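Please read it alongside the sequence and the coordinates.

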Amino acid sequence: MDEVKERQIAMRFILHSEIDANSIRENLGKPEYSYYFVLEAFRPVLELLGPVTLVRRPEEEVDTIFEASAAKSESCVFISFSPPNAVPLDLKCPTIVVFAWEFSTLPDGGWANADPRDDWRLVFAKLGFAISLSTYTAQVVRAAMGEDFPIFAIAAPVCDRLPRPAFPVDSRPVIPACEVLIRGTVIDSGDYALSPDQVIGPIFPPPSIRPTLMDLAAEEMAPVLAAAAAKAAAAEAAAIAEAAAAEAAAIAEAAAADAARMAAAAAAEAAAVLTIIAQRRRLRYRLAATKRYALEWYREVIRDLLPRWLSLGIGRGGALAEMVYRRLSGSTQPPSPPPPPPPPPPPPPPPPPPLRPPPPPPPPPSAPPLRVRLGGVVYTSMLNPTDGRKNWHDILTAFCWAFRDVEDATLVLKMVKGDPHSYRRDLFLILARLSPFKCRVVTMDGFLEDADYRLLTEATSFYVNASNAEGLCLPLMEFMCAGKPVIAPRHTAMADYIDDTAAFIVGATPEHNVWPNDPRHLYSTMRMRLQWDTLVAAFEESYRVATHAPQRYADMGRNAAAIMSRYCSDAVVKEQLRMVLDQVVKAGVRQQAEESKPATAKIVDPGLTPAVAEPEAI
């Protein structure tokens with residue numbers, strides 16, 4: 001029966017996310033970067049339902065695949081993992097957008113120069129379907145589009161993507177000494193002399209009291225970098241010498257070509273002179289030369305000695321004789337030797353020999369991974385420090401306040417934006433204000449490979465989230481899948497999977513906020529404001545559970561894994577997708593039937609604005 005049902009909805013899936021596997025490392029922390037991870041989570045489940053094709057340019061590729069599938073009588077759907085305002089709307093292929101949204105209202109595009117798609121209601125009305133990553137987002141969409149709008153809340157299936165921990169979750173509330181590897185930047189509060197005096201006269205970074213991990217890595221890399229520099233210098237010298245030799249050869253060849261051209265020109269000139277000399281030896285030339293020289297001799301030597309009447313007679317007789325001669329010979333002017341033939345054109349200069357470009361410099365040696373030693377009760381949070389929703393300042397201050405006299409409490413802030421300068425000054429300033437304290441704060445900035453991410457998960461006692469709005473929060477879900485209790489508020493998307501059996505819940509109250517894509521920065525929506533004192537209390541209670549109530553810690557870890565299994569396992573998400581796709585297929589059949597009917601006048605639903613009732617205006 002299941003196999004029959006599987007075949008009934010089998011179709012081809014075309015998937016797209018603006019950021020792909022080739023660009024994710026460079027785009028960590030940028031807007032919408034997490035949609036790549038959402039696509040990668042859904043992809044294995046969709047492959048169970050039909051063939052999957054990834055596209056890079058949906059406007060150019062999707063309809064071609066759709067038409068090829070239609071020619072084979074195959075169903076096909078395009079699934080865009082992106083914000084609704086980035087979805088192409090003029091495709092022939094049925095389109096579903098999978099998106100996250102964490103605010104209380106939808107953008108309406110009511111600002112100047114807005115794209116029509118900036119009004120998300122138009123996008124949903126045009127597409128007719130949508131998949132949200134949380135129940136909260138689905139409720140917000142229904143509030144704007146109507147309760148009967150077909151939007152489906154389906155979480156990203158991350159539960160089965162993660163390897164099971166290599167240890168029982170109930171055996172490690174307090175982490176023994178271990179190492180986590182990361183290639184990037186690490187800042188450890190224990191490496192620096194922190195003092196409130198730095199607030200008045202800030203010194204950034206503060207003076208270190210021992211070699212930092214970065215210093216040790218630089219010391220380890222010094223001989224490697226020196227050898228690489230020497231190798232690069234030798235390669236550059238060889239390239240310069242080779243280029244100089246090639247240039248000298250080209251100059252010599254060009255000089256030889258110039259000498260050959262000059263010799264050819266001289267030979268041509270000599271040949272022209274010999275031709276003129278040969279022409280001068282002809283009889284006509286000799287007679288003309290004799291006449292010219294005799295006439296000049298008469299004028300210079302004889303004419304002034306003769307009487308005038310005689311010289312005039314001789315002149316007129318000579319002129320008459322010249323005229324008669326010209327008429328009889330057919331010439332109107334005295335003959336002149338023909339011009340010499342033009343010399344042959346010199347041969348074109350040979351093209352210069354191609355100069356080989358110098359070889360590219362060898363790539364710099366990769367820095368060794370930094371070995372971050374962790375132990376005790378470890379709290380981890382992964383966030384973009386430039387994202388104001390993540391509220392990392394409150395995490396830092398609440399942690400240091402709760403554990404100012406506790407030495408074995410460690411906070412790991414894994415930053416997902418590869419620019420430590422974006423947060424380093426704020427970090428040191430807050431730490432200086434909070435000093436002195438005995439707990440430890442470690443920030444790590446860099447890309448974690450899968451194995452290193454698993455090590456960080458295993459080296460964590462509690463995951464911490466203090467966001468004022470979440471569209472999904474994949475890291476929080478992944479740590480819960482690994483059996484880690486968490487500290488988190490219970491609002492927006494997190495309300496789907498956070499409860500007090502697996503989490504120490506942080507209080508929050510609503511406050512006004514702006515849409516992140518609204519250039520007006522108007523207070524048009526709501527988010528949640530964290531209650532800082534409840535975050536401090538959650539830190540204190542979690543530490544007490546980890547050190548004095550290991551059984552409760554184990555129960556919370558098992559509950560976290562069980563919640564995630566019910567919420568975002570492959571089996572659960574697959575069944576949810578099956579229901580959605582079944583409706584998409586039925587809607588496609590109805591649309592084809594309606595398109596085959598004669599055109600009728602449109603009926604505008606009075607409950608919608610004209611812009612929403614007629615999405616064709618997009």
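## Basis and conventions

Helices (H or I, at least four residues) and strands (E, at least two) are DSSP runs, numbered from the N terminus. The model is predicted: local features need pLDDT of at least 70 and side-chain atom pairs count only at pLDDT 80 or more, whereas totals for chains, interfaces and linings use all residues. Residues are numbered from 1 along each chain as its sequence is written, and side-chain values use heavy atoms, with hydrogens and water left out.

## Overall composition

The protein contains 18 helices and 15 strands. Of its 618 residues, 41% count as buried, where buried means under 20% relative accessible area, exposed over 50%, and partly exposed in between (1.4 Å probe, protein chains only).

Contact means heavy atoms within 4.5 Å. Among contacts between residues at least 6 apart in sequence, 72% join residues at least 24 apart.

## Nonpolar cores

A nonpolar core is a set of buried Ala, Val, Leu, Ile, Met, Phe, Trp, Tyr and Cys residues joined through side-chain atoms within 4.5 Å. The largest has 91 residues, of which F42, F99, F124, L476, Y497 and M564 touch the most other members. Helix α3 gives the most to this core, with eight residues. A second, separate core of 44 residues includes L396, L411, A546 and Y553.

Leaving aside residues up to four places away in sequence, the residues that F124 touches include P84, V97, F99, L106 and F129.

## Helix α3

The 16 residues of α3 (residues 34–49) should span 22 Å, and the end C-alpha atoms are 24 Å apart, which agrees; the expected span is 1.5 Å times one less than the number of residues. The helix bends by about 35° at R43, and a proline, P44, follows within four residues. The bend is the angle between axes fitted to the seven residues ending at a residue and the seven starting there. Among the buried residues of α3 are Y35, F42 and L49.

## Backbone exceptions

Most residues other than glycine have a negative phi, and most peptide bonds are trans. N113, not a glycine, has a positive phi of about 60°; N113 lies in the loop between β4 (95–99) and α5 (120–127) and counts as exposed at 82% relative accessibility. C473 also has a positive phi, near 70°, but counts as buried at 8%; its loop runs between β11 (462–464) and α14 (474–481).

The peptide bond from S435 to P436 is cis, with omega near 0°. P436 is in the loop between α12 (424–434) and β10 (440–447).
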